[in-house]
Amino acid sequence: MKALLLRDLRLAMRSGGGFGLGLAFFFLLSVLVPLGVGPEGGTLARIAPGILWVGALLACLLSLDRIFALDFEDGSLDLLATAPIPLEAVVAVKALAHWLVTGLPLTLLAPGLAVFLNLPAGGYGWLVLSLLLGTPALSVIGAFGAALVVGLRRGGLLLSLLVLPLYVPTLIFGAEVVRRGAEGMALATPLALLTAISLGAAALLPFAAAAALRVNLR
Amino acid sequence: MSIWEYANPKRFMQTSAWALPWAIGLTVVLLLVGLVWGFFFTPDDYKQGSTVKIIYLHVPAAMMAINAWVMMLVASLIWIVRRHHVSALAAKAAAPVGLTFTLIALVTGALWGQPMWGTWWAWDPRLTAFLILTLFYFGYIALWAAVENPDTAADLTSILCLVGSVFAVLSRYAVNFWNQGLHQGASLSLDKEENVADVFWLPLLVCIAGFVFLFITLVLMRTRTEIRARRLSALLARERVA
Amino acid sequence: MEIWVENLAVARGGVTVLQGLGFAVGAGQALILRGPNGSGKTTLLRTLAGLQPAVAGSISLPPEAAAYGAHADGLKSTLTVQENLAFWASVHGVGSVADAMTRMDVANLAPRRAAELSAGQKRRLGLARLLVTGRPVWLLDEPTVSLDTASVALFAGVVRQHLAGGGLAVIATHVDLALPEAETLDLAPFRTRTMARDGFDEAFA
C-alpha cells in the first residue's frame, strides 16, 4: 500500500500538469473574482470564505478523472484488482494520493490567495483548518465519482455532474467555518460536522467505490 | 407464493397489464375531483387571495418528488440484494418521473413565490434542497444514459442512488444550517402545511392521492416500456449470435 | 496447485460466448488456448483471474494464486523499467526485481523510462512483471505480441522454468511456443451457438 502511494505521488510529480493545473486554476479564480466583483474591500471580505472554498472545490474537481482513468487505460487497474491489496485499500490510497497532490497544496496556497480577497484577519487560521479537514472529503467523494465513470470514454463532464451534488454538505460546512471564523462567531458546530463528513466519507466511500470499480472491470 | 414472483418480468407484465387501467382510472378521477374542488370550490385565502390554489399542484408534486427518490432507493436495494431485473428497470423508469415532479414543484413554487414573497427565487432551505435534489436526479439519469451494458448501468446507478441518498439527507440538514447562518429568522420561509385550514386540506388530500396514482401509473407504463426494450435487445442479440 | 474448471460458461457484455468448458491444469503443466478472434479467450482468462463472474459452472483455483498478463502491460510511461518492476514487486511482497530483469533481458534497460522503450521491450518488461508477482498460476493473453523470434524463445524458456518450478500457465496464443509440456485446447467447440440462458436472457425472453 505504501508502494502504491509512493508510485502515485511519483507519477503526479513526473506528469507535471496534474496538480499544478489545479493550483493555477485556484490562483486565477482568486484573481479574477475581485476583477469581476470590484475592488471594494468590504464586499470582497464578505464573499472571500465562499469564493475560496468554491475555488478549492473546483480546482479539486479538475484532476478527479485522473484518479482511476489512467490506471484503467494502461491495464494497471486490472492488475491491481488481482493483486494482494484489497480494492477498497487501493481506493483509499489513491484518494489519499490525490489529496496529497491537490487538497494539501490548495490548503497551503489558500491563505496567500485570501490576501487578494481581503479575508479578515481572524479568518486565516480557520481557512487553513477548514480546508485541511474538508479537502480529504472532496478527494474521497471524488474518488467514488471517478470509480463510477471509469469505464466511460467521455466521463469527465458526467463526473462533475455526479460529484458536485455530493460536494454540497462539505462546501456548506467548510465555508461556514471560515465565515464564522472571519466574523469571530462560534464555529464548533460546523467544524465538527465538517470533520464528521470527512471521516465518514473516508470510512465508508472506499467500499462503495471499490464496488463500482469491480462492476466497471467486469 | 412469494412476493418475489412479481419480480419475474413475465409475471410483472401480466400483473401490470391488469393493474394499469385501474391506476389510470383512479389517477384521472382523483386528480379531476381534487383539482376542480380545489380550484373552484374553496374560498380564497384572506391573506393570499386565489394564488393559494397553486398549493394543489405544488405540495403533491413536492411530496412525490421525494417519494420517487425513496422508491428508487428501495428498488436499487432490491436490485443489489436480489438482482431482480424488474426492480432495476423500475428505478430507471421512476427517475425522469421524479425529476419532472421536482421541476413542477420548483416552477409552481416560483409562480407562487413571486406574488407572495415578491421574488421568483429565494435561497430558502426548502427551495435549495429541491434544487439539489434536481441535481441528484440529473446525475442519476445521466449515469443510466452513459453506461451501455444494462446490468453494469443498473449496478452503478444503484450504488450512486445509495450513496446519493445519504448525501441528499446530509445536504438537507446542511442547507437548513446554512440558511440560519446566513440570515437569521428568514422571513421568506413559509411552512406550508401548518398554515392550511381544513377547507383547503381535504381537496389537497385528494390531490395528493391523485399524484400518488399518477406516479404509479407513469412508473408502471415506463417500466413496461423498459422491459419491452430489453426483450427487443435480447432478441436482436440472439439473432446476431445465430 | 491446480486449476480445475467444470462446465464453465463465460459472458462478454451480457452475451454468453463460451459454454460447457471443462479442463484441468496441474502443477508443471501449461494449457494453450486457441481460437479465432472474438472466440472468448480474453473473456475466459479474465474470468479465471476473478475479474468477472462466471455465468455458470465452477472454477477451482486457490485464492491469490493467479497473475494475469493482459494485452495492456500496466506500465507507467513516466517510470523507469526498474521503478515499474519495483512497484509490482513491493505490492506482491515477493520476487526479486534484479532477477526478473535478468531473466527477461531488460536489465540493461533498467534506468530507461518505459516511454522510451520499443513495443517489444515493453512487452518483455510486462512479462518480467509476472516473475516479480511470485504467483504460481500465470494467465497470459497473447504474451508474444510484438516479440521478435529471439524474445519468444527467451519467453518460452522463462515459462518452462516456471513450470519446472511447480508453476502452471494458461496461455492464449497463436505462436508455437515449443513447450513440450503444454496441452492445447481449441475453444471453437465451446462457442455459444444458441443464446445461453444467462441472467439477461432468462429474465426477458
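Predicted model: local features only at pLDDT ≥ 70, side-chain atom pairs only at ≥ 80, totals over all residues.
Residues are numbered from 1 along each chain as its sequence is written, and chains are lettered from A and ligands numbered from 1 in the order in which they are written.

Let me start with chains A and B. On this interface, 19 residues of chain A are in contact with 22 residues of chain B, where contact means that the C-beta atoms of two residues, placed from the backbone, lie within 7 Å. On the side of chain A that touches chain B, helix H7 (123-149), helix H8 (155-183) and helix H9 (188-217) each supply at least two residues; helices here are DSSP runs of H or I with at least four residues, strands are runs of E with at least two, and both are numbered from the N terminus. The largest share of that side, 11 residues, comes from H8(A). By class, the side has 17 nonpolar, no polar and two charged residues, with Ala, Val, Leu, Ile, Met, Phe, Trp, Tyr, Cys and Pro counted as nonpolar, Asp, Glu, Lys and Arg as charged, and the others, Gly among them, as polar.

Within helix H9 of chain A we find A:Ala192.

Turning to the interface with chain C, 19 residues of chain A are in contact with 19 residues of chain C. Helix H1 (2-14) and helix H5 (76-81) of chain A each supply at least two residues of this side, and H1(A) gives the most, with six residues. The residues of this side divide into nine nonpolar, four polar and six charged.

A brief word on chain B itself: it has seven helices and zero strands, and of its 242 residues, 42% are buried.

Now to the sheets of chain C. Three strands form an open sheet in the order E2-E1-E4, with antiparallel pairing, where two strands pair if DSSP finds at least two bridges between them. Its edge strands are E2 (15-26) and E4 (56-60), each of which pairs on one side only. Four bridges join strand E1 (residues 2-12) of chain C to E4(C), and C:Val5 has C:Ile59 as its bridge partner in E4(C).

The other sheet that I want to show is open and has five strands in the order E5-E6-E7-E3-E8 of chain C, with parallel pairing; E5 (66-69) and E8 (182-186) are its edge strands. Five bridges join strand E3 (residues 30-34) of chain C to E8(C), and C:Arg34 stands opposite C:Asp186 in E8(C). Helix H5 (residues 149-164) of chain C lies across E3, E6 and E7 of chain C and runs at about 145° to E7(C), with axes being lines fitted to C-alpha atoms, for helices over the stretch in contact, and angles running from 0 to 180 degrees between N-to-C directions.

Note on methods. Buried ≥ 20, exposed ≤ 12 C-beta atoms within 10 Å, placed from the backbone.
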